[in-house]
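Here is a short briefing for a first look at one protein model. Please view the sequence and the structure before going on to the points below.

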Amino acid sequence: MDMQRKTPRSRPRSYLGVFDRETDKLLGGLADLTADGIMLFGDTAFQVNQTCDVRLTLPKAILECREIVFSVSCVWCRRSVDTVLYHTGFKIIDITEEEKGKITRLLNHSLFTEAAVK
């Protein structure tokens, strides 16, 4: 059973890539973002509790930066019924106050829209 969300999800209006900071490998596209976590879609299957140091890339210099860096832990991973892609939920486990502030500002930017509640 999925954990209850504590904060509302927001979806990007355009594609934002999330990369492994060590290998620079694309981990997936950002499906949604909260102050506490992210959901990705991509062709990588993650294991529950798998951790990654990630870099969320921004399409242009907004917030006076091109990326936000933090560490995540996989909470769940499911293969899409319609495609060969996986949808994966991660909780943010390590982030500086500066990067956390960037996420807060990004969530209020016109690049994001509040996701519909299911």
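Helices (H or I, at least four residues) and strands (E, at least two) are DSSP runs, numbered from the N terminus. Asp32, for example, is found in strand β3 (residues 26–33). This is a predicted model, in which local features need pLDDT of at least 70 and side-chain atom pairs count only at pLDDT 80 or more, while totals for chains, interfaces and linings use all residues. Residues are numbered from 1 along each chain as its sequence is written, and side-chain values use heavy atoms, with hydrogens and water left out.

**Overall layout and confidence**

- The protein chain has 1 helix and 8 strands, and along the sequence they follow the pattern β-β-β-β-β-β-β-α-β.
- The mean pLDDT of the protein chain (the predictor's confidence in each residue, from 0 to 100) is 87, and 89% of the residues score at least 70.
- Confidence in the protein chain is highest in strand β7 (residues 86–94), at a mean of 97, and lowest in β8, at 72.
- Of the 118 residues in the protein chain, 42% are buried; buried means under 20% relative accessible area, exposed over 50%, and partly exposed in between (1.4 Å probe, protein chains only).
- Among contacts (heavy atoms within 4.5 Å) in the protein chain with a separation of 6 or more, 55% are between residues 24 or more positions apart.

**Asp32 and Arg9**

- Asp32 is buried, with a relative accessible area of 3%.
- Leaving aside neighbours within four places in sequence, Asp32 is in contact with Arg9, Ser10, Arg11, Pro12, Gly37, Ile38 and Met39.
- Arg9, one of these contacts of Asp32, lies in the segment before β1.
- At 10% relative accessibility, Arg9 is buried as well.
- The C-alpha atoms of Arg9 and Thr113 are separated by 8.7 Å, although these residues are 104 residues apart along the chain.

**His109**

- His109 is in the loop between α1 (97–107) and β8 (112–114).
- With a relative accessible area of 26%, His109 is partly exposed.
- Between the C-alpha atoms of His109 and Pro12 there are 9.7 Å, and along the chain the two are 97 residues apart.

**Ser71**

- Ser71 belongs to strand β6 (residues 65–79) and counts as buried, at 7% relative accessibility.
- The side chains of Ser71 and Asp53 are joined by a polar contact of 2.5 Å. A polar contact is a pair of N or O atoms within 3.5 Å; within protein, one must be able to donate a hydrogen and the other to accept it, and residues adjacent in sequence count only if both atoms are side-chain atoms.
- Not counting residues up to four places away in sequence, Ser71 touches Arg21, Cys52, Asp53, Lys91, Ile92, Ile93 and Asp94.

**Cysteines**

- The structure holds 0 disulfides, a disulfide being a pair of cysteine sulfur atoms within 2.5 Å.
- The closest cysteine sulfur to that of Cys52 is in Cys74, 8.1 Å away, which is too far for a bond.
- Cys77 is in no disulfide either, with the nearest cysteine sulfur, that of Cys74, 5.6 Å away.
- Cys52 is buried, at a relative accessible area of 7%, whereas Cys77 is partly exposed, at 24%.

**Aromatic rings**

- A search of the whole structure finds 2 aromatic pairs. Rings of Phe, Tyr and Trp (its six-membered ring) pair if their centres lie within 6.5 Å; planes under 30 degrees apart count as stacked, over 60 as edge-to-face and the rest as tilted.
- Tyr15 and Phe41 have ring centres 6.2 Å apart and planes at 75 degrees, so this pair is edge-to-face.
- Tyr15 lies in the loop between β1 (10–12) and β2 (17–20) and Phe41 in strand β4 (residues 37–42), so the pair ties together parts that are 26 residues apart in sequence.
- Phe41 is partly exposed, with a relative accessible area of 30%.
- The rings of Phe46 and Phe90 are also edge-to-face, because their planes are at 80 degrees, with centres 5.1 Å apart.
- Phe46, in the loop between β4 and β5 (51–62), and Phe90, in strand β7, are 44 residues apart, and their pair links distant parts of the chain.
- Phe46 is buried, with a relative accessible area of 7%, and Phe90 is buried, with 6%.
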